Amino acid sequence: MSKEFTPDPALKPTPEFKSDSYIPLKQEVYVKKETGLDAMAGDGGYQEEKYLGNYLRAKMKRDNKRFWAGDNISEYVTEENKEQLISEAAEAFETVLDRLLIDRETDPNSKGTARRLAKMYFNEIMAGRYEPEPDATAFPNDSEDRYEGMLVVRSELRSMCSHHHQPVSGVAYIGIIAAQKLIGLSKYTRIAQWCARRGTLQEELCNDIAREISKATESENVAVYVQAVHGCCENRGIMAHSSLTQTTVLKGSFKDDPHTKKEFFDNIKLQQEFAPR
Ligand SMILES: [Zn+2]
């Protein structure tokens, strides 16, 4: 399955296949029945299903579990079956490279690219889909001299747009008014990066970070401001090299109290003066 190169049958002429007699097909070229999704009534169906990926998609459909590019599906992916999924994705990327007419047999830079891509998607650029939420140990903040102020953390983000699979890079400024418990400072960034390492829209990413930070800190007063540049605007399309996209999500007092909102944005300016980016 994870062979370096699987020769395409079309490149190994058989008596039935004559390369000089190509006749365009009138019907659709690819008509595969979604056997994994439709035909499988019970989990036992995996025995007949060639691909673990098809089995898992069928299972998520049955469970009404959404598996969009920005969703976390870690409860369906174990460390053991991740290896199998990487091998299956590598096989599929081999087909993509073949269809792109890239010679992965003799081009030394394209040998192994299919597997590198599969590993990169699962372990790096989309890792936040397959890994469970970072464990954020909380410390009580309920003594008499508890911290009641605002906390603003700046987190570096690397993400990827769902539309073009182009990189998105920037920073998130996460603000909270401390509630009954506090989490370690690095946890804000871990949670933000866990949300970012998926296929996302920046608007959704901003919402996801706010929701997860609110969950981890049990604070209803949360604000997230994200500024990022998008590869899909810089490398293609409008080729806008200095475009910056800003999104803001305000909850609780950040939304309702103009002073809290102002303090948050003043803090962001102070952060940018301290370390521009
Ligand atoms: Zn895009």
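Helices (H or I, at least four residues) and strands (E, at least two) are DSSP runs, numbered from the N terminus. The model is predicted: local features need pLDDT of at least 70 and side-chain atom pairs count only at pLDDT 80 or more, while totals for chains, interfaces and linings use all residues. Residues are numbered from 1 along each chain as its sequence is written, and side-chain values use heavy atoms, with hydrogens and water left out.

The axes of helix H3 (residues 79–99) and helix H4 (residues 113–125) come within 7 Å and cross at roughly 130°. Axes are lines fitted to C-alpha atoms, for helices over the stretch in contact, and angles run from 0 to 180 degrees between N-to-C directions. H3 and H4 are therefore oblique to each other, a term for angles that are not under 35 degrees (roughly parallel), over 145 (roughly antiparallel) or 65 to 115 (roughly perpendicular).

The contact (heavy atoms within 4.5 Å) involves residues of both helices, including Leu85, Ile86 and Phe93 of H3 and Leu117, Tyr121 and Phe122 of H4.

## The zinc site

The zinc ion has three kinds of entry in its list of protein donors: Cys161 (SG), His164 (ND1) and Cys232 (SG), lying 2.2 to 2.5 Å from the ion. Donors are N, O and S atoms within 2.8 Å of the metal (3.2 Å for Na, K and Ca); water is not among the atoms, so sites may look incomplete. The spacing of the donor residues in sequence is C-x2-H-x67-C.

Cysteine 161 lies in strand S2 (residues 150–161) and cysteine 232 in helix H8 (residues 231–234), 71 residues apart, so that the pair links distant parts of the chain.
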